[in-house]
Amino acid sequence: MPGKIVHLKTRQELQEFIKTNNAFIIDFTATWCGPCKTIKPYVEKAWEQIKDKFDMIIVDADEGSDICSSLKVRGFPTLVTFINKEMVESVQGADIKGVKHFFNVSYKRVLS
C-alpha cells in the first residue's frame, strides 16, 4: 500500500525497493543544503496530497552517496519519480514552481 516514507543509503537497498514498489518519489536532499530547506515545506505539502499513489524515498547526500552516484545526481535538491520501475520525471533545484509542476506531472503519470 502506498504512502510509506523510507530512508535508503545504498544502491542495493534501492534495487530491492524497486523490485517491490511500483510508484515512488526519491527526494535527494542534504542537511547542509539551503535550497533543500527552502523547498522542504512544499515537498511535504505536495507529498501529503499524493501519498495515496506513491511511496517516498529520502536519500541524504552524505549518507546515500552510493545511490546519488548510481542515478547520476549532481545537485541538491533533486526529486525523481519512478513508475513501473522506470524513471519518468525529475526536477533539480529550489524553484517552487518547478517542484509543484514535478508533483502535478508525476501524479498525472501514475493515473494514466
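How many aromatic pairs does the structure hold? The structure, which is a predicted model, holds four. This report describes some of these pairs and then turns to the pockets.

## Aromatic pairs

The pair formed by F17 and F24 is edge-to-face, because the ring centres lie 5.1 Å apart and the ring planes stand at 90 degrees. For a pair to be called edge-to-face, the planes must be over 60 degrees apart. Both F17 and F24 are buried.

F24 also forms an aromatic pair with F82. Here the arrangement is stacked, with 5.1 Å from centre to centre and 10 degrees between the planes. F24 belongs to strand β2, whereas F82 belongs to strand β4 (residues 78-83), so this pair ties together parts that are 58 residues apart in sequence. Both F24 and F82 are buried. Through ring pairs, F17, F24 and F82 are linked into a cluster.

## The largest pocket

What volume of space lies in the largest pocket? The value is about 410 Å³. The lining of this pocket consists of 18 residues, and those nearest the centre are D27, T29, K40, E44 and I58.

Several elements contribute to this lining. At least two residues each come from β1 (5-7), β2 (23-29), α2 (34-50) and β3 (55-60). Which element gives the most to the lining of the largest pocket? Helix α2 does, with seven residues. Sorted by class, the lining of the largest pocket contains ten nonpolar, five charged and three polar residues.

## The second largest pocket

The second largest pocket has a volume of about 210 Å³. Its lining is made up of Y42, K45, A46, Q49, I50, V99, K100, F103, N104 and Y107. Helices α2 and α4 (96-111) each supply at least two residues of this lining. By class, six residues lining the second largest pocket are nonpolar, two are polar and two are charged.

## Elements in more than one setting

Key. Residues are numbered from 1 along each chain as its sequence is written. This is a predicted model: local features need pLDDT of at least 70, side-chain atom pairs count only at pLDDT 80 or more; totals for chains, interfaces and linings use all residues. Side-chain values use heavy atoms; hydrogens and water are left out. On a 1 Å grid over the protein atoms alone, a cavity is a set of points where a 1.4 Å probe fits but cannot get out, and a pocket is an open set with protein on both sides within 12 Å along at least five of seven lines; lining residues have an atom within 4 Å of a point. Grid points are joined across faces, edges and corners, and a volume is the space filled by probe spheres set on the points. Helices (H or I, at least four residues) and strands (E, at least two) are DSSP runs, numbered from the N terminus. Ala, Val, Leu, Ile, Met, Phe, Trp, Tyr, Cys and Pro count as nonpolar, Asp, Glu, Lys and Arg as charged, and the others, Gly among them, as polar. Rings of Phe, Tyr and Trp (its six-membered ring) pair if their centres lie within 6.5 Å; planes under 30 degrees apart count as stacked, over 60 as edge-to-face and the rest as tilted. Buried means under 20% relative accessible area, exposed over 50%, partly exposed in between (1.4 Å probe, protein chains only).
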